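Hello,

Here is the structure I promised to pass on to you.

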Amino acid sequence: MKIDQYTKISQLINANPAVIEAIASINGHFEKLRNPIFRKILASRVTIADAAKIGGTTVQRFYEKLGPLGFYCDESEACESEPPTAVPDF
């Protein structure tokens with residue numbers, strides 16, 4: 001399946017449920033995807049770029065984890081995103 005930074009997490013999960021474990025292994029913030037209730041609420045609203053920002057990682061890291069599961073990014077399109085900005089301490 002072709003993906004980009006605007007692909008919703010729910011689309012990834014629907015295409016291949018193994019995505020849950022792959023994304024959860026990126027960062028502890030993504031452990032919530034293992035809970036079916038949180039997954040239903042959050043996955044349909046969050047894109048890969050949003051998740052990367054939340055987890056303090058890059059979109060490229062998602063591509064690396066999702067590649068072995070059959071997902072790819074078209075090289076002719078911009079597959080990179082801006083690095084995550086620092087989250088202010090509140």
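**Contacts and overall layout**

Of the contacts in the chain with a separation of 6 or more, 63% are between residues 24 or more positions apart; contact here means heavy atoms within 4.5 Å. Please keep in mind that this is a predicted model, in which local features need pLDDT of at least 70 and side-chain atom pairs count only at pLDDT 80 or more, while totals for chains, interfaces and linings use all residues. Residues are numbered from 1 along each chain as its sequence is written, and side-chain values use heavy atoms, with hydrogens and water left out.

The chain has 5 helices and 0 strands, and along the sequence the pattern reads α-α-α-α-α. Helices (H or I, at least four residues) and strands (E, at least two) are DSSP runs, numbered from the N terminus. Of the 90 residues, 34% count as buried, where buried stands for under 20% relative accessible area, exposed for over 50%, and partly exposed for what lies in between (1.4 Å probe, protein chains only). Accessible areas come from the Shrake-Rupley method with a 1.4 Å probe, and for residues only the protein chains shown count as cover.

**The nonpolar core**

The largest nonpolar core has 21 residues. Such a core is a set of buried Ala, Val, Leu, Ile, Met, Phe, Trp, Tyr and Cys residues joined through side-chain atoms within 4.5 Å. The residues with the most contacts inside this core are Ile9, Leu12, Ile23, Ile48, Phe62 and Leu66. At least two of the core residues come from each of α1 (9-15), α2, α4 (48-55) and α5, and α5 gives the most, with 4 residues.

Leaving aside residues up to four places away in sequence, Leu66 touches Ile3, Leu12, Val19, Ile23, Ile48 and Phe71. Lys2 is found in the segment before α1 and counts as partly exposed, at 38% relative accessibility.

**One aromatic pair**

How many aromatic pairs does a search of the whole structure find? There is 1. Rings of Phe, Tyr and Trp (its six-membered ring) pair if their centres lie within 6.5 Å; planes under 30 degrees apart count as stacked, over 60 as edge-to-face and the rest as tilted. The ring centres of Phe30 and Phe62 are 5.6 Å apart and the planes are at 70°, so this pair is edge-to-face. Phe30 sits in the loop between α2 (19-24) and α3 (36-42) and Phe62 in helix α5 (residues 59-66), so the pair ties together parts that are 32 residues apart in sequence. Both Phe30 and Phe62 are buried.

**Salt bridges**

The count comes to 3 salt bridges, each being a side-chain nitrogen of Lys or Arg within 4 Å of a carboxyl oxygen of Asp or Glu. Glu21, Glu31 and Arg34 are linked in a network:

- Glu21 and Arg34 meet at 2.6 Å, N to O. Glu21 is in helix α2 and Arg34 in the loop between α2 and α3, 13 residues apart.
- Glu31 and Arg34 have their closest N and O atoms 2.2 Å apart.

Glu21 is partly exposed at 46% relative accessible area, as are Arg34 at 38% and Glu31 at 35%.

Another salt bridge joins Glu64 and Arg61 (3.6 Å, N to O). These two are 3 residues apart in helix α5, so about one helical turn separates them. Glu64 is partly exposed at 46% relative accessibility, and Arg61 is partly exposed at 31%.

**A nonpolar patch outside**

On the surface, Ile37, Phe38, Ile41 and Leu42 form a nonpolar patch with about 370 Å² of accessible area together. Patches are made of residues with over 30% relative accessible area and no salt bridge; like charges are joined within 9 Å, and nonpolar side chains (Val, Leu, Ile, Met, Phe, Trp, Tyr) within 5 Å. Ile37 lies in helix α3 and counts as exposed, at 61% relative accessibility.
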